[in-house]
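Biologist: I have the sequence and the model open side by side. Please take me through them, one question at a time.

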Amino acid sequence: MASETDVLKVPILGKESIHCGFHLFPHIAETVINTLPSSTYVLVTDTNVAKWHLKAFEGEFKRVLGSNSKSRFISLVVSPGETSKSREGKSQIEDWLLLNKATRDSVILALGGGVIGDLVGFVAATFMRGVRFCQIPTTLLAMVDSSVGGKTAIDTPHGKNLIGAFWQPEYIFIDAAFLETLPSREFSNGMAEVVKTAAIWNETEFISLESHSADIFAAIQTPSANYAGRSKSNRSSAQDLLLSVIVGSISVKAYIVTKDERETGLRNLVNFGHTIGHAIEAVLTPTILHGECVSVGMILEAEVSRQLGILTQVGVGRLTRTLKSYNLPVSVTDPKIASLPAAKLLTVDRLLDIMRIDKKNSGDEKKVVLLKRIGRTYEEKATVVKDAVIAKTLSEAVTVIPAIPRHDPVKMSTPGSKSISNRALVLAALAKGTCRLKNLLHSDDTQVMMAALNELKGAKFSWEDGGETLVVSGGEGSLTVPPKGKELYLGNAGTAARFLATVCTLVSNTPGVEPGDEHTVITGNARMKQRPIGPLVTALEANGSKIKCLESQGCLPLAIDPQGLKGGQIQLAASVSSQYVSSILLCAPYATEPTVLELTGGQVISQPYIDMTIAMMKTFGVEVVRRKGTDGKLLDIYDIPKSTYVSPSDYNIESDASSATYPLAIAAITGTTCTIQNIGSASLQGDAKFAKEVLEKMGCHVVQTATETTVKGPPVGQLKAIEEVDMEVMTDAFLTATAVAAVASGKTRILGIANQRVKECNRIRAMIDELAKFGVETVELDDGLEIIGKPIQELKQGASVHCYDDHRVAMAFSVLSTVVSGTILEEKRCVEKTWPNWWDDLENKIGINVEGVELGSGHQGASASGTHHQPVASVFLVGMRGTGKSFVGDMAAAALSWISLDADKYFEEKHQTGVREFVHQKGWPAFRDAETAVLKELMESKSRGHIISLGGGIVETPEARELLKDYAATKGPVVHVVRPLNDILTYLDVEGTRPAYGEAIPDVYKRRTPWYTECSNYLFDNTFTVGDDAEVNSKSMFREAERFFGHISGEKPNLAGNLKEGKRSYFLSLTYPDITQAFQHIDELAEGVDALELRVDLLRSPKDYETLGSSIPPAEYVQAQLAKLRKHTSLPIVYTVRTKGQGGAFPDVAHKEIFELLKLGLLLGVEYLDVEVSLPEKDIEALKKRKGYSQIIASWHDWSGRMKWDGEGVLEKYELASKVGDIVKIVGKAESVKDNFALHQFVEKQQGPKPIIAINMGLEGQLSRILNATFSPVSHPLLPNKAAPGQLSFKQIQEALHLVGLQQSQQFYLFGNPISQSMSPTLHNTGFNLLGLPHRYSLLETKEVGDEIKIAITQPDFGGASVTIPHKLEVVPLLDRLTPAAEAIGAVNTIIPQITPDGGRILVGDNTDWIGIRASISSRLGNQKAIKAALVIGAGGTARAAIYALQDLKAEKVYLYNRTIGKATDLAATFPEANVEVITQLGQWPGAKPSVIVGTVPSSATTVASDAHENPTAAVHLPTDLYGYREGPAVVVDMAYRPAITPFLELAKKSAAGNWAIVSGLEVLLEQGYEQFRIWTGRTCPREKRYDAFA
Ligand SMILES: NC(=O)c1ccc[n+]([C@@H]2O[C@H](COP(=O)([O-])OP(=O)(O)OC[C@H]3O[C@@H](n4cnc5c(N)ncnc54)[C@H](O)[C@@H]3O)[C@@H](O)[C@H]2O)c1
Ligand SMILES: [Zn+2]
């Protein structure tokens, strides 16, 4: 029997112990029994393998042993899978062997995959100190990899393969017939290793793999009957091929192992793809298999090599195609991988971190096997590669470092043209004969095309010259339907889709299959499924083809019946895409009848591409005739004869002219020179005209020969706009032109590109939206756009460009990014479509550096579709005359340090006449026109950093309304300022400078209000101005203006800091029917929390107060309530409308009312909007669109108690909510405390970027409120009722966190001397106490900074320290870092321990003195923040803090006075930007009188000038006219506070007029103490009460 078996033997370690063949059972049994005599043959396998093969195997052994043999055969079946490869799995086998009395002479046979091989091999290595064993691998991976080499191992919880041994098997039997039962995914898994081995070692093998995937799959897909393949004579050619592939791969591994058994250098080569692959595997295991991860790893490592200039794109492309052809993923964006939740964890940092422990590393350096070309590695070992290089390959985004190209003048060629490549592929495939295609584009598009043609069996492809040449053996138009269920997947490859649609009609039906029973299906990704193909389908159907659109009409996927193309008359609408025309032209010669193609629908788009197709058809032997009219004019009718293409033996594909536009544009924009070879005036491609027709007109010097183009840019910044350019003949180049126009002086108008709206994305829109991020304005036109160029220096830096998965968007913006710093291109891989190595070429060939960027989780992709205004977009104020627009505008501008502008005043300056005058002379209509013109002008010229109040009548003109509406929708805030009508009337009575209405004001009010509403996207309630308590009112009004305008403009979004930083955060639910009831306790209520929740559903207007059941509060009431609340707090507000079903008070069906109220919330600038995901989707979308800088909490409430945290539904809700919201909130109901554990586990598992609020209602759910880290809703004992059952107070939660060990108690100190009188311990300890924080603040009084302090700050529970005189300088050397403020002031008053990302702790020194000083000044100045001059007295550390504070307040001048002038001069010199002037005498001002005075000398050192003789030792004599400033609010601050009233303040009290506010040092001290508390705990220090403690 055995004699019939043909076995191929491969030597390893000097012995021919690897036996390969088919159906080897008899051979194995005979070989083992005859050459390895033993008392016991032990077989170990797993249940999967046993099911198929154990019986046969056993039978064979028993047969050979014979019935009277002394030897026995025993077998053990273990469970399959990686979990068996464990210590437990090992001892189970050992115990079984011992039980069965196996002895040292046993022979163990490992029958199975790598798991069995590794496990059983390790058992054999240690059982009885080592017994003989054989590997009988049954998976492809085990055959070619794990069984060869002698490595055995098991896993531990600490990692895979950590414990094991080198133990060589006696034999390795490779029986390829096992593969017939192996699941096909497992087969592919092994193919990854096969491809790998060929890639590093043997190009011939690789070529065979590259072109034979179908045959190789065929060998395992058809079961071999009757042991076919056992002998050479009955082996099929597919079997031969499979065996040779396996043997080839094993031989390489065996050779390498023999040369380097213990893995020192050479053996590392088999780790190609494994450095990165293993890291990916560590994250994705067990869902994604080893080979799949290695497949992705190989591509990434090949890209590393390409990036380093070692491997060409041809190599990367071949590897990619080959792996794909074995159904392996080639990138982490493969749907198989991307759809996994764990895929989110594949961050660059995480992967690099895992790679750090790779066995190949030497020390800190990572090693990667670099390919030089297919079949060869760069070195005979792994190469050291820098982290930055790997990171760049791994990152999904890049940033370009602006510079003059290093390689100027650049000379390069670009990849082959995509259009020509695709056409050539179709032509050569349909033709007769063999064609060698040179310079073919290696990209997604062509890959997809080749794969599809291959699948249709339309042609054979092979490679020559290391992949530089593609050899196509044409199939002469014979095409076959792919197997049932196999769809042709085309990704987002538009050209391929269009061409293939007609190619598929040529497919002829399979003999014997009923017509209608088989179809060819072409499909694509989501975007492809939206791209139109309708006109082509319509034309083909009209011609008799049967085509079905499977999803939406006129789009992919299509199911096409195989019945041939009829031909004859074909009519086609060609105004959308020329690709439809080319598609029919290319296939028409194979129609049954000669074809007459008539283009209808008016304007034919992109004629040059049609001409290109015709020219290429001619090269392949078919002549198309375009008909002419009687007048000799060309008609849109083409005659195509019936014919067969004949391939030319060679076809040279022209370089891509669209691609060439990028390097040329870079030359233009950077003022350098670039020559592109292979593209000139003779080109077939329209985009070849770009240099002459666009760049030359913009001021570049262009030289174009028939085959070459050179562009030399003008000096940087001198490009000129082109007034108008029609780009119809070069549509793809319009994106490049747009990018260049962005920095050209003047307006560029680009026309003729309407079709670009239906490309990979809506490209016109994309360019407009992304340019806006640079601050470049554009106007969208029907068939193009207009770009208003801007000088480079004025462009906004750091823009993050979304590329819409569109290669041209990415490359166009990379041109702009060569001159604008910090630009991020978010999806670098989208260039793969036409220029896969663009980023490498940009760096290596052009000489502009590119770095990898990882988009953080906080990153705002364009996918989050909220309109994000540019943070600096100006704000327009509209509203009735008399609402206080100018006043509000001034206040807002002061708060934001912006410029306030009154449109009426602007008008008067421009027209040199008053508004009233103008109306009087020219009439209302002329005035309205002029006013609208001014509005337009302001929108353009003052587009950033202005608060602009508009005249009340601006909304009277429809055109002005349109302008405002558009501004609000796309550019920035338009704020409607409102005030009650009565207040307006009172105010207008005393004002008469503006035109009279000539109409009753209430009527005007009524008429205009809807217009104001329609034009604005925010509403500012100006009810503050008329209050009872004027001072409190103006202070709170100013605070609110600062908050409101800071938030909506994006200048200072008022979001909760702790939440943003991922720290524990809380909000208090206000459950009052009337919010004013909260005000008496508002400070206590707000203690500790990060935000307040306004429960709108619980509000009840006075008129509904008595009604029972649910009621809906009117919008005016809600608006007024919110306005009142804002007066009392600046905390962010969570705005919630909850229905009964969700645990609230609103009627369940009131969707419309809820939506209106939610919109109102956004209008009023609430920071967080709670939106139930059960609302109608269109409402949610509408809210998302207008949220601006506010955030949406997408919530789901389940009160039924049916939702289970470990059940199915909850994940679905979570995913839905993550899509909708910036924050996810899921609320369930706990039945028992255990439900909280399930909740906790659920939250731990969700690693998405969005913060999640997860809580359980009910008493049993209390634990979840303690554990929840994001925005935990809390209650307060002073509230009338809890917002939800089970709610706890902030304090209770803190105490609970401490008790369960989640909140460590910390020690805080005051360092200084003398400090026994200090109030700091009371301030901080009371604060800790009130908030339930388990901390302690104590005094540490020492003479010097010595061991006591050093010990205190190194304790693990050290929480922070205040530092006072005399230690503020001496502590500095103990610290790791100073904040910029401490650095500038040169002293530290606060020590903060900080945890570093790697878990270490550092000590940071800060200085909060200046914050106290600044706060006390700015709160007194109100909206008159501008300080012309200020005075600081003294030159010590506090004086430094004072100058720093004044510098921050932008004081124009700071006078500095000190007794010792030298000290003052030295101090002044250390603040070069503060404009400090040393003065020698108080009261004699070199310029403006000071409106801010800060005294920093001890009170004993000052005296009032008049009584100088009484106190002769006093250093500073204060003249009586110190407080001479009278023009507006002024402040004096004395930093000394003992006695409470210092001479300084006494003088102020006596001599300063009412405009002076007097601030004592005590207040400043408290302020800085509060600030310390905030920095240490992240919480606001309770205030009022603290004051009491010292007063
Ligand atoms: N020692 C080494 O040098 C080395 C090298 C690479 C991988 N490995 C190890 O190999 C293991 C993975 O091996 P694997 O991929 O073979 O996995 P595996 O052993 O788990 O087999 C894969 C699956 O296929 C089933 N199976 C095996 N053969 C079959 C057949 N002929 N018909 C039907 N089902 C069959 C198995 O029961 C299992 O469910 C890992 O533990 C890995 O660490 C070791
Ligand atoms: Zn491997």
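Biologist: Where is the place of Pro 1314?
Modeller: Helices (H or I, at least four residues) and strands (E, at least two) are DSSP runs, numbered from the N terminus. Pro 1314 sits between two such elements, in the loop between β51 and α45.

Biologist: What kind of model is this?
Modeller: Residues are numbered from 1 along each chain as its sequence is written, chains are lettered from A and ligands numbered from 1 in the order in which they are written, and side-chain values use heavy atoms, with hydrogens and water left out. Local features need pLDDT of at least 70, side-chain atom pairs count only at pLDDT 80 or more, totals for chains, interfaces and linings use all residues, and the model is predicted.

Biologist: What is omega for the peptide bond from Asn 1313 to Pro 1314?
Modeller: Most peptide bonds are trans. The bond from Asn 1313 to Pro 1314 is cis. Its omega is near 0°.

Biologist: And what is omega between Asp 408 and Pro 409?
Modeller: Pro 409 lies in the loop between β14 (397-400) and β15 (410-412). A cis peptide bond joins Asp 408 to Pro 409. Omega there is about -5°.

Biologist: Is Asn 226 buried or exposed?
Modeller: Asn 226 is in the loop between α8 (213-221) and α9 (237-259). It is not a glycine, yet its phi is positive, about 55°. Buried means under 20% relative accessible area, exposed over 50%, partly exposed in between (1.4 Å probe, protein chains only). At 73%, Asn 226 is therefore exposed.

Biologist: What is the phi of Asn 1475?
Modeller: Asn 1475 is in the loop between α50 (1461-1469) and β59 (1476-1478). It is partly exposed, with a relative accessible area of 37%. Phi is positive in this non-glycine residue, near 50°.

Biologist: How many residues apart in sequence are the parts tied together by Tyr 41 and Phe 61?
Modeller: Tyr 41 lies in strand β3 (residues 40-46), and Phe 61 in helix α2 (residues 47-65). Both residues are buried. They also belong to one aromatic cluster with Phe 25, Phe 57, Phe 73 and Phe 178. The pair therefore ties together parts whose separation in sequence is 20 residues.

Biologist: Which residue in helix α2 is about one helical turn from Glu 58?
Modeller: A salt bridge is a side-chain nitrogen of Lys or Arg within 4 Å of a carboxyl oxygen of Asp or Glu. Glu 58 makes one with Lys 62, at 3.9 Å, N to O. Glu 58 is partly exposed at 23%. Because the two are four residues apart in helix α2, the residue about one turn from Glu 58 is Lys 62.

Biologist: How many salt bridges does the whole structure hold?
Modeller: Among them is a network that links Glu 82, Lys 85, Asp 118, Asp 155 and Lys 160. A search of the whole structure gives a total of 69.

Biologist: How far apart in sequence are the parts tied together by Asp 656 and Arg 808?
Modeller: These two form a salt bridge, with the closest N and O atoms 3.8 Å apart. Asp 656 lies in the loop between β27 (650-652) and α22 (657-670), Arg 808 in helix α26 (residues 807-816). Both are buried. So the bridge ties together parts whose sequence separation is 152 residues.

Biologist: What is the N to O distance between Asp 732 and Arg 763?
Modeller: Asp 732 is buried at 13% relative accessibility. Arg 763 is buried at 1%. Their side chains meet in a salt bridge at 3.2 Å.

Biologist: Where does UniProt place the domain "Enolpyruvate transferase"?
Modeller: UniProt positions follow the numbering used here, feature names are shortened, and annotations may be inferred rather than shown by experiment. The unreviewed entry lists residues 413-842.

Methods: Phe/Tyr/Trp six-rings, centres within 6.5 Å; stacked < 30°, edge-to-face > 60°.
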